[in-house]
Amino acid sequence: MSDSTHPVISSTGLFTPEESITNEELVASFNAFVDKHNAANADAIAAGEMDPLHHSSVEFIEKASGIKARHVMAKQPVLDPDIMAPRWEERGNDELSMMAEIGVKACNQALERAGRDPKDVDAVLCAASNMERPYPAMAVEIQNALGIDGFGFDMNVACSSATFGIQTAADYIRAGNATSVLVVSPEITSGHLNWRDRDSHFIFGDVATAVLVESRDNAPAQHWDILGTKLKTVFSNNIRNNFGFLNRAAPENAGGADKLFVQEGRKVFKEVVPMVAQMIIDEADRLKIDPQSLRRLWLHQANAGMNRLIAQRVLGHEANEDESPTVLDTYGNTSSAGSIIAFHKHSEDLARGDTGLICSFGAGYSAGTVFVRKVA
């Protein structure tokens, strides 16, 4: 493979919302909602016609997930017991949409870090778990806002969207169809979360990431060789969101809880951990990489327990924070952006020649691996 068709990661970018919700704030809001709900339905609960709702707690959240806080685009309405959902002013068609706005900010940072001008970029892939609208594509809006003369399209593979986007971008490089591609993941996951569900109200946060994938002969001196990528999907209903424009055909069901994020957490844990760990080991073997030699794992930030077990199966021992860094505690689950945040924040200290793994996994089921080696 020549340098002109060898894909690398030139840089990354990150946008973090200013507002953050701590577990203490979240629990206070949720418990206030529970108290109001139970009081309003006291007669039905006493008659056995309705089950009471139960309080959440900081201890429960941290034991279940490892999450301590999460950034959001709209804090006040999320914490309002009468709303408990993000709210913002609808923007006109001539205004930059919210997803595009935060995506552009992440892209600009990635371009600046690589010393790149938007005119150098051939394509924009918007890879995220929930799109603001069906069309025009978010990627095309971001492309237009950046002033890129090329093409763009959206792709959704839930929590694996970013790694699927990286492989797609790398394939464009390998095929000679592009020399520079932005993979941007604006994840406003607060919008698909049921903040009134005790088992999941603490999971998600908002963020945007960008990854600049380029040909090696076009990359800055400091970059990461993409050694290999692998994608996998296995159909499962254990993580699901039924929201969509066809819901309008059945308006009586449009407000149902299954139109937001729902999951069978224990089943997901039991089925995804071995699948992902084996996928990593098999792909490392194909690339002739000893998995136990991996310097760092940048894993999907969904659940601390899942990451701990996957890392242990891959490395052969329980990974420390240096080997498998966590951003879950302060960002929460940011869907496809999680592993990219970990890479963005915890990669510059590695030495030339160090090999690592960016890995995502989530609904679908879907999983993606990107093995990288630091060049300089």
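The model is predicted; local features need pLDDT of at least 70, side-chain atom pairs count only at pLDDT 80 or more, and totals for chains, interfaces and linings use all residues. Residues are numbered from 1 along each chain as its sequence is written, and side-chain values use heavy atoms, with hydrogens and water left out.

**Nonpolar cores**
- The largest nonpolar core has 45 residues. A nonpolar core is a set of buried Ala, Val, Leu, Ile, Met, Phe, Trp, Tyr and Cys residues joined through side-chain atoms within 4.5 Å. Buried means under 20% relative accessible area (1.4 Å probe, protein chains only).
- Val276, Ile280, Leu294, Ile310, Phe361 and Phe371 touch the most other members.
- Elements supplying at least two residues each include helix H1 (23-40), helix H8 (265-286) and strand S12 (355-362). Helices (H or I, at least four residues) and strands (E, at least two) are DSSP runs, numbered from the N terminus.
- H8 gives the most, with 8 residues.
- A second, separate core holds 27 residues, including Ile9, Ile173, Val181 and Phe343.

**Cis peptide bonds**
- Tyr135 to Pro136 is cis, with omega near -5 degrees. Pro136 sits in the loop between strand S4 (123-127) and helix H6 (138-146).
- Gly364 to Tyr365 is also cis, with omega near -10 degrees. Tyr365 is in the loop between S12 and S13.

- Met84 has a positive phi of about 50 degrees. Met84 is buried, at 5% relative accessible area.
- Ser335 has phi near 55 degrees. Ser335 is buried, at 1% relative accessible area.

Technical notes. Buried means under 20% relative accessible area, exposed over 50%, partly exposed in between (1.4 Å probe, protein chains only).
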